[in-house]
4 protein chains.
Amino acid sequence: MIAKLKADCSLADKAAIIRHIEGQGLRVHVGDSGENPVVSIIGNPTAMLADELQRFAGVESVSLDAPSYPLVSLGSRPGPSVVKVGSVFIGGAPIVVMAGPCSVESAEQLEEVSIGVAAGGAVMLRGGAFKPRTSPYSFQGMGEDGLKLLRDAGDRTGLGVVSECVAPEDVALMADYVDMLQIGARNMQNFRLLSAVGEQPRPVLLKRGLMSTIDEFLLAAEYIMAAGNPRVVMCERGIRSFDTSTRSTLDISAVPVLKERTHLPVIVDPSHAAGRRSLVPSLALAGVAAGADGLLIEVHNNPEVALSDGPQSLTIDGFKETMDTVSQVATAIGRSVAKLSPPAILPPLAEGVPPIADRRGGWADPTNAV
Amino acid sequence: MIAKLKADCSLADKAAIIRHIEGQGLRVHVGDSGENPVVSIIGNPTAMLADELQRFAGVESVSLDAPSYPLVSLGSRPGPSVVKVGSVFIGGAPIVVMAGPCSVESAEQLEEVSIGVAAGGAVMLRGGAFKPRTSPYSFQGMGEDGLKLLRDAGDRTGLGVVSECVAPEDVALMADYVDMLQIGARNMQNFRLLSAVGEQPRPVLLKRGLMSTIDEFLLAAEYIMAAGNPRVVMCERGIRSFDTSTRSTLDISAVPVLKERTHLPVIVDPSHAAGRRSLVPSLALAGVAAGADGLLIEVHNNPEVALSDGPQSLTIDGFKETMDTVSQVATAIGRSVAKLSPPAILPPLAEGVPPIADRRGGWADPTNAV
Amino acid sequence: MIAKLKADCSLADKAAIIRHIEGQGLRVHVGDSGENPVVSIIGNPTAMLADELQRFAGVESVSLDAPSYPLVSLGSRPGPSVVKVGSVFIGGAPIVVMAGPCSVESAEQLEEVSIGVAAGGAVMLRGGAFKPRTSPYSFQGMGEDGLKLLRDAGDRTGLGVVSECVAPEDVALMADYVDMLQIGARNMQNFRLLSAVGEQPRPVLLKRGLMSTIDEFLLAAEYIMAAGNPRVVMCERGIRSFDTSTRSTLDISAVPVLKERTHLPVIVDPSHAAGRRSLVPSLALAGVAAGADGLLIEVHNNPEVALSDGPQSLTIDGFKETMDTVSQVATAIGRSVAKLSPPAILPPLAEGVPPIADRRGGWADPTNAV
Amino acid sequence: MIAKLKADCSLADKAAIIRHIEGQGLRVHVGDSGENPVVSIIGNPTAMLADELQRFAGVESVSLDAPSYPLVSLGSRPGPSVVKVGSVFIGGAPIVVMAGPCSVESAEQLEEVSIGVAAGGAVMLRGGAFKPRTSPYSFQGMGEDGLKLLRDAGDRTGLGVVSECVAPEDVALMADYVDMLQIGARNMQNFRLLSAVGEQPRPVLLKRGLMSTIDEFLLAAEYIMAAGNPRVVMCERGIRSFDTSTRSTLDISAVPVLKERTHLPVIVDPSHAAGRRSLVPSLALAGVAAGADGLLIEVHNNPEVALSDGPQSLTIDGFKETMDTVSQVATAIGRSVAKLSPPAILPPLAEGVPPIADRRGGWADPTNAV
């Protein structure tokens, strides 16, 4: 439920409205929709409350069927969000490409890959230090040593760093090293973990669960935002279907569907969906053409010996070739590919909406943050 | 199972090989793979047969694990097929766009839509005369009257005509009016119907069943080819998954996966997958970017009053806008959009492979047809 | 939409109501719900029609949201239907077991299996003469020769005979030989075939499509009933899901869900769902416990050499053992297993509803047929 | 990979074999298969290791393709496991029924429900204190207060207590109050949580993820066992499919499939699968008939006002009625329903396998524990 206030609603009227709602055990979120302040009621409001609110002086209209994810819903902001990760802006016209190995394996591996993907056109480096593996007997990742290698590679190449966080107790440690925390598909409904990354300021890359509907995906993002962190980027990475010709079924429609429902940026991971290298370029291009704000691509210097996900990793050369076409398709639809040195002025996709700023190691509360 | 013969295998040796296979109750298909003749064994050959064939003078190698759809498999031809429908070539570099209403409703409707889509860049007109509706109480189509309107509209605009055939007994009637017969998703495993369209020369547009794996889809195409008709175009139109945010889940990966397994052209139907207009442009662009050879798009002059599928039909203006971007994305990946007047020389996607020719009303058996 | 008439509605009033509805291009079906006549409106009635009908003298109430499958819906009859197949009654308290090979292969095979399953407790013999195979190169069935063998085996053992019909043009031929026509899962939405079996009097065993919702399944039954044949038995046989540990995923909930929506009998096919022998007994018992009115089980005298579906066929001994426990579970839930000589008086599951009678070779229109 | 040792393998030989395996960075688990000791190699052994082991004096045979879940696999024990939870034994012939509300709401609610389900035939009480809700704005459970109420209700009725644990940091707290820790479907691949419950001695009820394959489900159990806790009970609770007529699709085949792959007990949750009360009895009976070792059923004293899952909760009377038929079906298949006072002698399902003992508050390492 959302109450749209009058443009000239006084501060006293606004306070009375909020007090009334909170008196019923509900929470509120106050935002803007163009000229009008908007009060999102968080919780399960009754229809009677809607009636009551209609009678307040400052209320213009009440929308009972507003979505159950008020903070992430498109209507809660006047335009799409731009999430700042280090010096990278996600959600503007330039498409952000994150690339790197599934798992951090060694300093040599990471150096070769990070230099390769930076040269190829990526602006962020991905790599797993803690791996949530299905079998207890699989390689589980390098842990903090892996994080150090990632940070080092990021600093030397200028690439932003994103890595998966698998447990609440790891959040603080990871936030010391990486620019963006990734929530993996298997943890999309690990609500304690969602709250934990929501209570800190690092931007979050939220991957869709293999079994999750679009609304469940958005509600997971709402968990993070409700805990205080507005810097969420959604990532479609394939769902489970009856079809076994690919590892997962890339739900390409999720891109435009999400764009209709949320202001948050949406990126596509063609690698996990495909499960094998040969399909990755086609799916990457499809993602860009469908309107994705970025791509997350697995790249390995020597996929044959990768400790995990080798078959779906592009070679460094393969990545460069793919990026050439990605760039052309981006241009064809009026966008571009983000470059390592960010442009002085961010292209105005969401006019009038200042990008959400972030400072490494500190908490920035930008004036217009959701 | 496939036996590759020696490049210099004599006619007598070839005959002996085929006689031996047929003596075991199996059928053969003789094709070419570059310089070497290839004998595809159709049926369920034994491993012992493989051993026996190895010992024949003219046999170079036997591949036991060749696919169970020998005629449609990529290996059965030296390159991708080009299917000729009237004056349209599907499978070459130019992307073929088919557009029109879900159902033929009236002469006025069809005139307006056909002129509109021709102006917008389509080269084929789609429209249903016989509708396979889920409920016995829904509009079932105009029947032969609809076919006449389609033919007339096609003749006046120069657009090729494609329409769905729902029963074997309708094949002959439909072939009198349309340039291409469509097999709908619900009939993808109606094997009698597949054989019926396989026994006549009109090209066939085969839509993937909602529940069909890629291999079942290819086996359905094999039914048609095994009955004698090599002019098959595959159409991905969305599969059924747990996700209900779209009518079907467009399996965009099917495009590159099919391209890895078959020489047949592959097109994408964004309309049925999406189920609503606003998503169609994104999915159409994704299809082209992923490598589709064409698009099948529902367009209506007045979607609000359409007898079927109104919500997912583009308006004529919406179609034109979409085509502008489709054209740009096609260019970005080194292709183009097919125009109504076919170029004098077909772009050489599959070098050395003459396109499969077709004559309206007659059966053409091009020398190199599969 | 359904209009419930007053118990004392005069014939003149009833005629006026029906004339008014038909005047809007809709069809009607007049049935009974206890004391009140019920008029089902077939087609897509407008809300305005509901208003208009409310004002007719003979109308007691109008239910706008009545199901779109008026003939098969539970509300269209006062209780569950009993479908008579030869001397077998499906839908009463006794559970009907149909068993036999996937495909008819030879006289010897069929003799051994039919005697075995009759001794084991089956009352109907199943066997395929026309097989809808996924690959054009698989065994396609014995055709009419197979039907003759089935009829002969049925006559000698007293078992009723059911076999799959794959095309409208085969209906007449099949009706000469078998007691019940089966529509396979792949043809559940082959609407021409549904109409064809609906236009003749033989009872129809309708199998659920692999990716059909319950409502689509019921609408397929509606097609048959709308064409004139009320003798339809629904068969749950497994749906397609992401899980590959079984051939299909037996949707056991479909049994109670169907019982909530339709008066038609519901049986379960554990063999196709399981895909392998070892699971069949558990699924058969689950089906009975969940409320199924019958079972369809594949049994082969020598599964190792079966031309199709050998791995999922029970041996004759395995079938007998399974039937022992089936019988005990049936007793535990207050039912029994139907025996070859039908009891003189059918157990009164649907009190006051005379079973739908059938005569081999003729059309019986029982007074209370839906 | 599994190495079967000779029955008379000396201790010295056994030690040499284990040393060799561990020298390659792998772990071992030594168990028995009838007379022969069996060494399960945990990790990713090479084919070369298999060759090496063959040459050891004490090795009888090496099985390379043994499952990747050595501890839970059927072959790792001579028969099915019996898991002891307080005074309840799960996995023997008597079927264990756990019942109670979705969420603990108040002392009054819990008293009424616990007395009701105990009278109705349950031997364990279920109830959620920490709820993993999809929306951040839904009721999240009473927390520790709820646990206290559960413990109190369990002590007063004699019912064992099971409740869901949603985070590793809650494990110790929960183990103070409950007899069995439940891992919910959404956390089935929360590997940190699996390890945490595996490192303590309380038995674990592991629910299948909505889109988890049987093998992923078994690997999740392996995580728990690999961490040291052999007391795992598997719970099928429905998977996600395209069908929306029920909340989830109960995969009834999972019961016999799991029984073919693991020695662990398997129970069925008909409530979450069904999503509505009317279907629960049919699914409960189907579960028992299919071979489940127990049932987990939601029961509420006043479902209309339940804070969560009201629509799918049985009333106390409805539960009692269901239990009457459950008991009869159990008898029909040669089993019974477990009673609150456990029988002096446990029925010998797994002859010669002493049940896994447990002591509340302490860690028991039974001699024959897996």
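At what angle do the axes of helix α1 (residues 11-22) of chain B and helix α2 (residues 47-54) of chain B cross? In this predicted model, local features need pLDDT of at least 70 and side-chain atom pairs count only at pLDDT 80 or more, whereas totals for chains, interfaces and linings use all residues. Residues are numbered from 1 along each chain as its sequence is written, chains are lettered from A in the order in which they are written, and side-chain values use heavy atoms, without hydrogens and water.

The two axes cross at roughly 160 degrees and come within 11 Å (axes being lines fitted to C-alpha atoms over the stretch in contact, with angles from 0 to 180 degrees between N-to-C directions; helices being DSSP runs of H or I, at least four residues). α1(B) is therefore roughly antiparallel to α2(B) (angles over 145 degrees). B:I17, B:H20 and B:I21 of α1(B) meet B:L49, B:E52 and B:L53 of α2(B), contact meaning heavy atoms within 4.5 Å. The residues of this contact comprise four nonpolar, one polar and one charged.

Between chains D and A, 36 residues from chain D and 36 residues from chain A take part in the contact. The buried area is about 2,900 Å², with carbon and sulfur atoms giving 54% (accessible area, 1.4 Å probe, lost on putting two parts together, summed over both). D:Y137, D:R192 and D:M211 supply 27% of the area that chain D buries against chain A, more than any other three residues. Six salt bridges are found across the interface of chain D and chain A (a side-chain nitrogen of Lys or Arg within 4 Å of a carboxyl oxygen of Asp or Glu). D:R192 also forms a salt bridge with A:D170, at 2.6 Å from N to O.

Technical notes. Helices (H or I, at least four residues) and strands (E, at least two) are DSSP runs, numbered from the N terminus. Angles under 35 degrees count as roughly parallel, over 145 as roughly antiparallel, 65 to 115 as roughly perpendicular and the rest as oblique. Ala, Val, Leu, Ile, Met, Phe, Trp, Tyr, Cys and Pro count as nonpolar, Asp, Glu, Lys and Arg as charged, and the others, Gly among them, as polar.
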